[in-house]
Amino acid sequence: QRGFSISYADIIAFSGAVAIHKTGGPKIYLKIGRIDANEAGNRMKILSSDLTIRELLDNFSRMGLSTKDLVVLSGAHTIGKANTKPMTSDLYQFSNSYFKKLVQFCNGFRGEALEILNSDIALLDTSETKRFVELYARDEISFFNDFAKTYQKLSSLGQNNV
């Protein structure tokens, strides 16, 4: 009987998928078999919250990710905090509330004391990114489906055998 090993990369990817699902998000199916590097190599740097939409799109493009991928992954902010403030009214519930908040912001509503980053606002700067924001604000099922696909894609970046 042939065995298999689970890498740290597998554990990290699966942990994120479980967290998304346990907070109400979609089930994300991942393959096992990522290989841990022996050296740090080229690490993805955490992007500044002050990047322009062009800088964000360029960073994602270099990783092989699309405009749609950038927008849909930004939806993970629904369960996040920034500068110690929650980004949505229920940071323990994965939903499309992040996109709803952006649409409200775009329409001039500034009611809640929630954090909004410049990089969030940048998603409203082009017609293509704004179109995805508006789609996900009104259609949570599309957001969940696209998020699961993009998370799978993101978790396998740099892997030849997954």
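**A conversation about the fold**

Modeller: Let us begin with Ile20, which touches Gly25, Pro26, Ile28, Ile79, Phe94 and Phe147 when residues up to four places away in sequence are not counted. Please bear in mind that this is a predicted model.

Colleague: Where is Ile20 placed, and is Ile20 buried or exposed?

Modeller: Ile20 is in helix H1. Ile20 has a relative accessible area of 6%, and since buried means under 20%, Ile20 counts as buried.

Colleague: How far apart are Ile20 and Ser95, in sequence and in space?

Modeller: In sequence, 75 residues separate Ile20 from Ser95. In space, their C-alpha atoms are 9.6 Å apart.

Colleague: And what share of the contacts in the protein joins residues 24 or more positions apart?

Modeller: Such pairs account for 63% of the contacts with a separation of 6 or more.

Colleague: Let us step back. How many helices and strands are there, and in what order do the elements run?

Modeller: There are 7 helices and 2 strands. Starting at the N terminus, the order is α-α-α-β-β-α-α-α-α. The protein has 162 residues, and 38% of them count as buried.

Colleague: Which residues have the most contacts inside the largest nonpolar core?

Modeller: They are Ile28, Phe99, Leu123, Phe143 and Phe147, in a core of 32 residues. At least two residues of this core come from each of helix H1 (8–22), H2, H3, H4, H6 and H7. H7 gives the largest share, with 5 residues.

Colleague: You mentioned Phe143. What is Phe143 in contact with?

Modeller: Apart from neighbours within four places in sequence, Phe143 is in contact with Val72, Gly75, Phe94, Ser95, Asn96, Phe99 and Tyr136.

Colleague: Now to H6. How many residues does H6 have, and what distance does H6 reach?

Modeller: Helix H6 covers residues 127–138, which makes 12 residues. From the first C-alpha to the last, H6 reaches 17 Å, close to the 16 Å expected at 1.5 Å a residue.

Colleague: Which residues of H6 are buried?

Modeller: The buried ones are Thr129, Phe132, Val133, Tyr136 and Ala137. Seen down the axis of H6, these buried residues fall within an arc of 135°, so they line one face of the helix. Ser127 and Arg138, on the other side of H6, are exposed.

Colleague: What covers the buried residues of H6?

Modeller: The cover includes helix H2 (53–62), helix H3 (67–74), helix H4 (97–106), helix H5 (118–122) and helix H7 (140–155).

Colleague: Could you take one example, Thr129? What is Thr129 in contact with?

Modeller: Thr129 is found in helix H6 and is buried, with a relative accessible area of 0%. Leaving out neighbours within four places in sequence, Thr129 is in contact with Ile53, Thr67, Val71, Ala122, Leu123 and Leu124.

Colleague: How do H6 and H7 cross, and which residues meet there?

Modeller: The axes of H6 and H7 come within 5 Å and cross at roughly 115°. Leu135, Tyr136 and Arg138 in H6 meet Glu140, Ser142, Phe143 and Asp146 in H7. The residues of this contact divide into 3 nonpolar, 1 polar and 3 charged.

Colleague: A change of topic, to H2. Which residues are buried there?

Modeller: In H2, the buried residues are Ile53, Leu56, Leu57 and Phe60. They cover an arc of only 95° around the axis, which puts them on the same side of H2. The buried residues of H2 pack against H3, H5 and H6. Just after H2, Gly64 takes a positive phi of about 85°.

Colleague: Which residues other than glycine have a positive phi in the loop between the strands?

Modeller: Asn83 and Thr84 may be named here. Asn83 lies in the loop between strand E1 (81–82) and strand E2 (85–86), and its phi is about 55° although Asn83 is not a glycine. Thr84 is in the loop between E1 and E2 as well, with a positive phi near 65°.

Colleague: Are Asn83 and Thr84 buried or exposed?

Modeller: Asn83 is exposed, with a relative accessible area of 57%. Thr84 counts as exposed too, at 73% relative accessibility.

Note on methods:
Residues are numbered from 1 along each chain as its sequence is written. This is a predicted model: local features need pLDDT of at least 70, side-chain atom pairs count only at pLDDT 80 or more; totals for chains, interfaces and linings use all residues. Side-chain values use heavy atoms; hydrogens and water are left out. Helices (H or I, at least four residues) and strands (E, at least two) are DSSP runs, numbered from the N terminus. The expected span of a helix is 1.5 Å times one less than its number of residues. Buried means under 20% relative accessible area, exposed over 50%, partly exposed in between (1.4 Å probe, protein chains only). The arc is that of the directions from the helix axis to the C-beta atoms. Contact means heavy atoms within 4.5 Å. A nonpolar core is a set of buried Ala, Val, Leu, Ile, Met, Phe, Trp, Tyr and Cys residues joined through side-chain atoms within 4.5 Å. Axes are lines fitted to C-alpha atoms, for helices over the stretch in contact, and angles run from 0 to 180 degrees between N-to-C directions. Ala, Val, Leu, Ile, Met, Phe, Trp, Tyr, Cys and Pro count as nonpolar, Asp, Glu, Lys and Arg as charged, and the others, Gly among them, as polar.
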